[in-house]
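Please look over the structure shown here, and then read the short report that follows.

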Amino acid sequence: MPKPDLLQVCPFAEPVEAALAEDFTLHRYFEADDKSALLARLAPTTRFIATGGHHGASREMIAALPNLEIVSSFGVGYDAVDVTAAKEHGVSVTNTPDVLNDCVAETTLALMLALCHRVPQSDAYVRAGRWESEGTFGLTDELTGTRAGILGLGRIGKTIAKLCQAFNMEVVYHGRHEQEHQPYPYYADLAEMARAVDWLVVIAPGTEETKGIVSRQVMEALGSKGKLVNMGRGSLVDEEAMIELLESGALGGAALDVFAKEPHVPERLRALQNVVLLPHQGSATHKTRAAMGQMVVRNLKAHLRGAPLISPVV
């Protein structure tokens, strides 16, 4: 009996592709020279899509596969999947939550430590021989005793909050609404929270509702001693305003894992010394990426067998 067709939108690690190939016939969209022709050929038979959080599944792709039943997306963020189109066509959408909470939270704290202790700069100082020729590097900031404001107290946000507390930081948060039974003070107004904290940690999803939520006003409220950490999506921050405020010193610093037009990072931002920049590495460890890949597979195989989905979002 032939295996059902699956549209593979982007590359996956070899173990993930091997696990998919056990039950599906893989059609690699990312390798197709004529992608429209591939979709047309697969239209009568394809019920499954495996994709990545950045690649998603567009309205056009979903509409081109009238028998599509499920889009399984690699990553906790699924903003690149046209969820509205999926709902209209009765297509389920899954993501890979929880398995990356610890890793992303750990990376968040790594960025915060690197920024306040100026780890990249002091490493470069030693490598350039300046410690020996010029003397000590100088004093830096620290996390202990500071206050972190978390924008987006979801699964990952809660894990970040716990790690911040391990560094004797006070935690407050802002979100669409106050959550019951949380031990952290809630701010209904983001700018007000930014004014009251030393660190603004952004870990909210990238949606039309959150686009530009970290505005110039919010960053000005954070101030010349405040530091911005973005682990969510580049779209949440007014990147041009952030660069201007960092250049002028009106914003104290930024630790960024995500950017507005990835992988492009503006030269002006790369030239600054009051920033730490990562190439969207929040969950990029062998252990976590393997777990995320297996969740993609488990969701698809569950649907194939008529079992409940592991992590449905639609």
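Predicted model: local features only at pLDDT ≥ 70, side-chain atom pairs only at ≥ 80, totals over all residues.

Residues are numbered from 1 along each chain as its sequence is written, and side-chain values use heavy atoms, with hydrogens and water left out.

Along its principal axes, the C-alpha trace spans about 70 × 50 × 35 Å. The protein contains 13 helices and 11 strands, which are DSSP runs numbered from the N terminus (helices are H or I with at least four residues, strands are E with at least two). Of the 314 residues, 49% count as buried, where buried means under 20% relative accessible area, exposed over 50%, and partly exposed in between (1.4 Å probe, protein chains only). Among contacts (heavy atoms within 4.5 Å) between residues at least 6 apart in sequence, 59% join residues at least 24 apart.

| Residue | Helix | Relative accessible area |
|---|---|---|
| L38 | α2 (residues 35-42) | 8% |
| K301 | α13 (residues 286-304) | 14% |

Leaving aside residues up to four places away in sequence, L38 touches L7, H27, R28, Y29 and A32. The C-alpha atoms of L38 and L7 are separated by 9.4 Å, although these residues are 31 apart along the chain. K301, with neighbours within four places likewise set aside, is in contact with A19, E22, D23 and F24.

A search of the whole structure finds one cavity of 30 Å³ or more. On a 1 Å grid over the protein atoms alone, a cavity is a set of points where a 1.4 Å probe fits but cannot get out, and lining residues have an atom within 4 Å of a point. The largest cavity has a volume of about 50 Å³, a volume being the space filled by probe spheres set on the points. N230, G234, V237, E239, M242, L256, V258, F259 and A260 line this cavity. By class, its lining has six nonpolar, two polar and one charged residues.

Key:
1 Å grid on protein atoms, 1.4 Å probe; cavity = no way out; pocket = protein on both sides within 12 Å on 5 of 7 lines; lining within 4 Å. Nonpolar A, V, L, I, M, F, W, Y, C, P; charged D, E, K, R; others polar.
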